[in-house]
Amino acid sequence: MLRNDTEGKKTLAKRITMAELARAANVDTSTVSRALNDSSLVKEETKRHILNIASDLGYVIHASARNLRRQSSETIGLVIPLVPESGQTISDPFFLEMVGAVAHAASQEGYDLIVNVPSAEQQDGAEQRLLQTGRADGLIIIGQAGRTEFLNKLGKLAERVVVWGGSVPEANYTVVGSDNVRGGELAVEHLLNRGRERVLFVGDSALPEVQLRYEGLKKAHRVAGLEHDADLILPEGFGGKSTFTDLQRLLDSGLEFDAVFAASDVLAITAIHSLQAYGKHVPGDVSVVGYDNIGQASIMTPALTTIDQHIGDGGRIMVELLLRKLAGTDVRSRTNSTELVVRDST
C-alpha cells in the first residue's frame, strides 16, 4: 500500500538530525547551530540558505535544547498574587487587560509568557520556583499588597523582577505604576469643580495604591480649602463583592454624599448599579468617578468618568525594564502618567 506524501514528510521530520541538515546544506554542523540560533557570526545569506533547507526537510528546532545552550527559557513569568479577602479573581477586567498588555509587549520582544496565579499557601514561594527552576528568565508581579517585606527579601532574585504597584518608600525592588496621588487629585478636583461637596471614597486604603489615591483626594480638598470628612470612607476590596449591599446600607444610615470616587472602575460600576437600584440618579443626585479606564467604562450607562492609568503603556514599560535588567543594565522604578477621562457619570 502506498503511503501518502504528508505521512512521509512527518516521518522525515522526526528522523532528521542537525548533522543531516548540515550535509544537505553543505556546511559544518556548527554553522547550522549558529544559524538556527541567529548568530551574528553567520552571514545572512547563509542563514537564509540553511533555514530554507530546514523548512523543506521539515527540521524542527528543539526549543528545550536550544534554550539550555543559551541558558535562557525565552519566557517571562507573570505572577498575580490574589488576596483572598479582596474577592478579586483573575477574571477582573483590570487583570485581563494587564495580562494582554504584558503578553503583547513580550511577544514583540520574542518572549513567551507564563501566567501564574498562586494560591494563598503558595504565594510566598511562587517567585522563587519560577526563577530557580529556570521556567522563566524573569518575572513581572502584579500587585504588592501585604508583600513588601517578602519582596524585599528576594535578594539577588530581585534583579530579575519588576513589580506593578504604588510607589512604596521601603521597597528595594523595581516598581512600575501610575501616579496614584495625581490620579486621585485629578478625580476629586473634577468633582469639586462640578459643585460636589461631600465625596465618598470607596476602596481599601490598607492597599498601597489605594492609600495613594486617597492621599490625592485629600490633597484636592486641601487645595480647595476644604477638609475631607473621615466618615465618607467605604472600605472595599478590589473584588467589590459586597460593595452593592454595603453602599445601600450606608444610604440607609442617612449619611449624605453627592459624589463617589472609587479606587477602581469595577468598584465605581458597582456603586452606580447600587445607587440606581436605590433610586438615586447618576449624575443628577450623585456623580461617580472610577480609576483604571477599563474597556467597560466607556460602554456602560451612564458612561463612566475615570482616571486612565494607561494600562497598555504600563505593560510595555514593565517588559522593557525587565529585559534591560536581564541584560545587566541598572534600571529605576517608573511612574506612569494619569489622565482624567470625562464621561456621563459626572
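This is a predicted model: local features need pLDDT of at least 70, side-chain atom pairs count only at pLDDT 80 or more; totals for chains, interfaces and linings use all residues.

**Terms and their criteria**

Me: Why is F201 called buried?

Reply: The relative accessible area of F201 is 1%. Buried means under 20% relative accessible area, exposed over 50%, and partly exposed in between (1.4 Å probe, protein chains only). F201 is therefore buried.

Me: How many aromatic pairs does a search of the whole structure find, and what makes the pair of F201 and Y214 tilted?

Reply: The search finds three aromatic pairs. The ring centres of F201 and Y214 are 5.2 Å apart and the planes are at 45°. Rings of Phe, Tyr and Trp (its six-membered ring) pair if their centres lie within 6.5 Å; planes under 30 degrees apart count as stacked, over 60 as edge-to-face and the rest as tilted. The pair of F201 and Y214 is therefore tilted. F201 is in strand β6 (residues 199–202) and Y214 in helix α10 (residues 208–223), 13 residues apart; helices (H or I, at least four residues) and strands (E, at least two) are DSSP runs, numbered from the N terminus. Ring pairs also link F201, Y214 and F261 into a cluster.

Me: Is Y214 buried or exposed?

Reply: Y214 has a relative accessible area of 10% and so is buried.

Me: Why does H228 count as buried, and which residues does H228 contact beyond its neighbours within four places in sequence?

Reply: H228 counts as buried because its relative accessibility is 11%. H228 lies in the loop between α10 and β7 (233–234). With contact meaning heavy atoms within 4.5 Å, the residues are V199, Y214, L217, H221 and I233.

Me: What makes the approach of H228 to Y214 a polar contact?

Reply: The side chains are joined at 3.2 Å. A polar contact is a pair of N or O atoms within 3.5 Å; within protein, one must be able to donate a hydrogen and the other to accept it, and residues adjacent in sequence count only if both atoms are side-chain atoms. A polar atom of the H228 side chain also lies 2.7 Å from the backbone oxygen of V199.

Me: How do you know that β9 and β10 pair?

Reply: Two strands pair if DSSP finds at least two bridges between them. Strand β9 (residues 287–292) and β10 have four bridges, in the parallel sense, and D292 stands opposite D308 in β10. Three bridges join β10 to strand β12 (residues 339–341), the two running antiparallel; there, V341 is the bridge partner of T306.

Me: Which strands are the edges of the open sheet?

Reply: The sheet has six strands in the order β7-β6-β8-β9-β10-β12, with mixed pairing. Its edge strands are β7 and β12, each pairing on one side only.

Me: What makes both faces of β10 covered?

Reply: In strand β10 (residues 305–308), T305 and I307 on one side and T306 and D308 on the other are all buried.

Note on methods:
Residues are numbered from 1 along each chain as its sequence is written. Side-chain values use heavy atoms; hydrogens and water are left out.
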